[in-house]
Amino acid sequence: MRIIAGTARNRRLQVPAGMTTRPTAQRARQTLFDMLMHAPWFGRDQLENAVVLDAFAGTGALGLEALSRGAGFATFMEGSRPGIAALQTNLRSCGMADRARLRHCDVTHPPKAPQPHTLIFLDPPYHKGLVQKGLRALWRTGWVADGALIVAETETTPLQNDAKEPEEPFQPFHAHLLPSLSAEPPELLAQRSFGAATLHIWRHDVSIKGHRPTL
């Protein structure tokens with residue numbers, strides 16, 4: 001696994017042996033950053049001015065790719081000690097330790113944010129509802145800026161389990177609204193599937209107000 005482009009291009013990233021990470025595939029990462037660099041809803045200037053949060057960071061490939069392409073600062077959240085050790089190694093080898101902060105924490109119970117972040121990557125284990133739990137927890141603790149761009153990776157196919165209720169297909173949601181309140185979902189800016197993985201991109205908009213469903 002390598003950094004694709006920018007100042008750390010082709011730098012190899014460490015993945016701890018036996019670690020239960022599922023790094024975003026190289027092709028998906030290339031497509032994602034092509035969109036971020038050139039899409040009318042984001043672009044190079046916004047990327048270079050972004051304060052990045054790589055939640056469920058694993059190897060840190062998404063946040064490191066953003067730093068390599070010019071983002072000014074990134075926070076990496078990772079719950080495992082092997083993951084934190086790999087992140088420290090990767091930051092040093094890419095020469096980015098002075099532009100990053102590591103948080104050894106559970107994303108669903110994060111510490112209070114020192115500042116809001118404007119580009120949020122969420123790439124958790126599949127089939128556990130962690131995008132929803134994580135993003136809501138991050139918003140409550142101040143990590144998500146108003147208008148932040150949200151990039152979430154989920155399973156392409158919901159889990160079908162005879163012993164449980166089938167999973168609903170993922171759709172973007174408003175992190176500041178309780179699930180019990182109804183509102184139109186956020187506008188989906190982009191969605192791309194790569195085999196078992198699907199990327200969803202939308203903006204966090206706190207101006208949207210929820211309402212209780214009509215009975």
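This is a predicted model: local features need pLDDT of at least 70, side-chain atom pairs count only at pLDDT 80 or more; totals for chains, interfaces and linings use all residues.
How many residues of helix H3 (residues 61-68) are buried? Eight of its eight residues are buried, so to speak of definitions, because buried means under 20% relative accessible area, with exposed over 50% and partly exposed in between, using a 1.4 Å probe and protein chains only. Among them are Ala61, Leu64 and Ser68, and helices here are DSSP runs of H or I with at least four residues, strands being runs of E with at least two, numbered from the N terminus. After H3 comes Gly70, whose phi is positive, near 115 degrees.

Residues are numbered from 1 along each chain as its sequence is written, and side-chain values use heavy atoms, leaving out hydrogens and water.

Let me turn to the aromatic rings. The whole structure holds four aromatic pairs, where rings of Phe, Tyr and Trp (its six-membered ring) pair if their centres lie within 6.5 Å, and planes under 30 degrees apart count as stacked, over 60 as edge-to-face and the rest as tilted. Phe33 and Phe121 form a tilted pair, 5.9 Å centre to centre with 45 degrees between the planes, and this pair links Phe33 in helix H1 (residues 26-38) to Phe121 in strand E4 (residues 117-122), 88 residues apart. Both Phe33 and Phe121 are buried. The rings of Phe170 and Phe173 have centres 6.3 Å apart and planes at 85 degrees, so that pair is edge-to-face. Phe170, Phe173 and Trp202 form one aromatic cluster.
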